[in-house]
Amino acid sequence: MVRDISDIVAKCGANILSLSVRPGEIYLQVEPLHEEKLRFIIQKVALIQDVYEVTPIEWMPHELAEQQLRNVINSVQEGIISVNGNFVITICNLRATELLGLEQPPVGKPLSDVFEIPAEILKHLQEGKLLEQKEISISTPRGRLKLMINSRPVFDDRGKPSGAVMSFQKMSEVRRLAHSLTRPVMVTFDDIIYESNKMKEIVEIAKTIAQGDSTVLLRGESGTGKELFARAIHMASPRKDRPFVAVNCAAIPDTLLESELFGYADGTFTGARKGGRQGLFEFAHHGTIFLDEIGEIPPYVQAKLLRVLQEGSVRRLGEMEETRVDVRVIAATNRPLEEMIVRGDFRQDLFYRLNVIPIYLPPLREHKKDITVLVDYFINKFNQRFGKKVQGISPEALDYLMRYDWPGNIRELENVMERAMNLARDFIIKPQDIIINAPDFLASSSEKYFHLKDAVRETEKETLIRALSQGGSARKAAKILGVSHTTVIKKIKKYGLSL
Ligand SMILES: Nc1ncnc2c1ncn2[C@@H]1O[C@H](COP(=O)(O)OP(=O)(O)OP(=O)(O)O)[C@@H](O)[C@H]1O
């Protein structure tokens, strides 16, 4: 049939440009024809035995497939470049062309002409190796650009490397994406509940300093609202649409803290991720980093942190190059830093750098006036969470709360209220719904009633609290108690305590 068709076309003096045969279909591309000649060819071909239909079409099937593929690769957000075995560009999508600052896709040009690829990466590609999440910095007509690159090798029929397909994204976009996934819980100053003048003054100061960029040091006992204030300051600042990165310095083992904060270069240590990794400071670029439990950081990390605060740039572990970071630092601690300086446990110069705006959050026992509004706030909060309809608290129960000293501060009050809301059978919280786990306090109250299990729990919690305040850190408490650091961390979580 193909020969019969070709004969007809040839007799009409038309040139066949390409031909494609599929089961049940024959496609013919001929040079442009006069309309009459075309009609004549169609009529003749239609008369060939077993030909059912002859239709003029605009594009050959391979041209259509090519167009569809081009549309797909041009519509993706990432830059895509494919190279052959000689590292000549065969495909370059619109995003890649734009990122490289070029007018036209550089198809047909050697990769090295348009892309300043570090030698080690080039070697990697030539050897047909997979490349994952490698950061590179290239110069474009519009200036230097940091990219995150991935590359998959392509192999020929004999399994030899014959090119690669690379995809890349701007580092700033990767950061933004990561941030959109880890967006902080939106805490604002409206979520800070108080009515006392003491707290009012503090909130006013915090609102004012939120506008600036200076480092803030939040001091106060555990559970007084330091993290809440840090988040509210961030959300009231011009940085609110950028990352808020909260780091609990005490929860990260000393050996990891440095690389977590400042990142590491490729091949810095065994098991490290290929291509290195950016640290939390880089991740927080243009945003805020909250360094909780700052008193827990070891001396060598203190020295590096001081440099970051002084220079405004970070150097990843194992790297020479410095990266500028624009990060507002909010640090917090419940430790007596001044005493730690005297003992040589905390650097004085770092203290001064951190203590630019000190904010002291008082313990709840010093602003008991706020208990009433806080109780109402927690009743509302837990009504919503538990689908309850508790309307308030009885005067006796409130009096009970007022008599207690709240060593665990607002966090402890919140926990006690959560428990009370679970126990409440009525629309009003009664004294019997309030369980305060403090032996001294229980002894002085009318409801003293212990199962052995509860007593063991209480004693364990008490002992843990004592070891923590004596030692000042989970690690030291573990030593005092003769248990592992992990056990202490687990128990702290179990009892809703905080370092
Ligand atoms: N003024 C407040 N109004 C409402 N909730 C508060 C207030 N202060 C603290 N809280 C709540 O109390 C709990 C403890 O607060 P937060 O974690 O901020 O304390 P912290 O001082 O950072 O504690 P730690 O030092 O143990 O990390 C949180 O659930 C927080 O939402």
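Residue numbers start from 1 in each chain, following the sequence as written. Because the model is predicted, local features need pLDDT of at least 70 and side-chain atom pairs count only at pLDDT 80 or more, while totals for chains, interfaces and linings use all residues.

**Around the ligand**

Let's start with the ligand. There are 17 residues around it, and S222, G225, K226, E227 and S498 come nearest; a residue counts as near if its C-beta atom, placed from the backbone, lies within 6 Å. By type, the shell splits into five nonpolar, seven polar and five charged residues. Here nonpolar covers Ala, Val, Leu, Ile, Met, Phe, Trp, Tyr, Cys and Pro, charged covers Asp, Glu, Lys and Arg, and the others, Gly among them, are polar.

Where does the shell come from? Domain 3 (189-360) and domain 4 (367-445) each give at least three residues, with bounds taken from an automatic or database domain assignment. Helices α9 (226-235) and α17 (409-423) each supply at least two. Helices (H or I, at least four residues) and strands (E, at least two) are DSSP runs, numbered from the N terminus.

**Helix α17 and its partner**

Helix α17, a contributor to the ligand shell, also packs on α15 (residues 371-386), with an angle of about 50° and axes 9 Å apart. That makes α15 oblique to α17, since angles under 35 degrees are roughly parallel, over 145 roughly antiparallel, 65 to 115 roughly perpendicular and the rest oblique. Axes are lines fitted to C-alpha atoms, for helices over the stretch in contact, and angles run from 0 to 180 degrees between N-to-C directions. The α15/α17 crossing is right-handed, meaning that the near helix is turned clockwise from the far one by less than a right angle.

**Two open sheets**

In the parallel sheet, β8 (residues 216-219) pairs with β16 over four bridges, and L217 has P358 of β16 as its bridge partner. In the antiparallel sheet, β6 (residues 143-155) and β7 (residues 161-170) are joined by eight bridges, with N150 standing opposite S167 in β7.

Terms used. Two strands pair if DSSP finds at least two bridges between them.
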